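Welcome! Please take a moment with the sequence and the model below, and then we can walk through some of the side chains together.

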Amino acid sequence: MPNDEHVAMLRRGAEAWNAWRTEHDAAPDLSRADLRGLDLSGFDLSRADLKNADLRGTNCSGANLAGTRLEGANLFKAVLDVAEL
């Protein structure tokens with residue numbers, strides 16, 4: 001199950017999320033989170049656990065996904081242009 005605090009912080013936008021990530025070194029737990037259709041462009045999602053997350057239609061353009069766990073994640077129609085994988 002995803003960490004509810006991490007999901008709530010993610011929904012506050014890239015600026016708030018990236019500032020939070022700078023302050024917290026822990027890998028975010030977004031496993032099995034429903035993130036369908038969100039605009040995650042420019043987000044630092046490095047080392048996040050997105051295992052089995054629903055990312056259908058999500059915009060991850062320019063997102064940092066380096067070291068991110070994506071096993072079983074649904075990336076149908078997700079946009080990954082210029083994303084760091």
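**A first look around T68**

A polar atom in the side chain of T68 lies 2.6 Å from the backbone oxygen of L45. The model you are viewing is predicted, so please read each value below as computed from that prediction.

**More on T68**

- T68 sits in the segment after α2, and with a relative accessible area of 12% it is buried.
- The T68 side chain also reaches the backbone oxygen of L65, at 2.9 Å.
- Leaving aside residues up to four places away in sequence, T68 touches L45, S46, R47, A48 and L50.

**Aromatic rings**

- How many aromatic pairs are there? The count comes to two.
- W17 and W20 are three residues apart in helix α2 (residues 14-23), which separates them by about one helical turn.
- W17 has 0% relative accessibility and counts as buried; W20, at 9%, counts as buried too.
- W17 also forms a tilted pair with F43, with 6.5 Å from centre to centre and 40 degrees between the planes.
- Because W17 lies in helix α2 and F43 in the segment after α2, their pair ties together parts that are 26 residues apart in sequence.
- F43 is buried, as is W17, and W17, W20 and F43 form one aromatic cluster.

**Salt bridges**

- The whole structure holds six salt bridges.
- One of them joins R21 and D44, whose closest N and O atoms are 4.0 Å apart. This pair links distant parts of the chain, with R21 in helix α2 and D44 in the segment after α2, 23 residues apart.
- Is R21 buried or exposed? R21 counts as buried, at 6% relative accessibility, while D44 is partly exposed at 23%.
- Another salt bridge connects D25 with R47, with 3.3 Å between the closest N and O atoms. D25 and R47 both lie in the segment after α2, so the pair ties together parts that are 22 residues apart in sequence.
- D25 is exposed, with a relative accessible area of 63%, and R47 is partly exposed, with 40%.
- D54 and R36 form a salt bridge as well, and their closest N and O atoms are 3.4 Å apart. Both residues are in the segment after α2, 18 residues apart, and the pair links distant parts of the chain.
- D54 counts as buried at 14% relative accessibility, whereas R36 is partly exposed with a relative accessible area of 46%.
- D34, R36, D54 and R56 are linked in a network of salt bridges.

**Backbone angles to notice**

- Most residues other than glycine have a negative phi.
- N52 has a positive phi, near 60 degrees, and is not a glycine. N52 is in the segment after α2 and is partly exposed, with a relative accessible area of 42%.
- K77, also a residue other than glycine, has a positive phi near 60 degrees. K77 is found in the segment after α2 and counts as exposed, at 65% relative accessibility.

**A nonpolar patch**

- Which residues form a nonpolar patch on the surface? They are L75, L80 and L85, with about 260 Å² of accessible area together.
- L80 has its place in the segment after α2 and counts as partly exposed, at 30% relative accessibility.

Terms used:
Residues numbered from 1 in each chain as written. Predicted model: local features only at pLDDT ≥ 70, side-chain atom pairs only at ≥ 80, totals over all residues. Heavy atoms only, no water. Phe/Tyr/Trp six-rings, centres within 6.5 Å; stacked < 30°, edge-to-face > 60°. Helix = DSSP H or I, 4+ residues; strand = E, 2+ residues; numbered from the N terminus. Buried < 20%, exposed > 50% of the residue type's maximum accessible area, 1.4 Å probe, protein only. Patch = residues over 30% accessible without salt bridge, like charges linked within 9 Å, V, L, I, M, F, W, Y side chains within 5 Å. Areas by Shrake-Rupley, 256 points an atom, 1.4 Å probe, with all protein chains shown as cover. Salt bridge = Lys/Arg side-chain N within 4 Å of Asp/Glu carboxyl O. Polar contact = N/O pair within 3.5 Å; in protein donor to acceptor, adjacent residues only side chain to side chain. Contact = heavy atoms within 4.5 Å.
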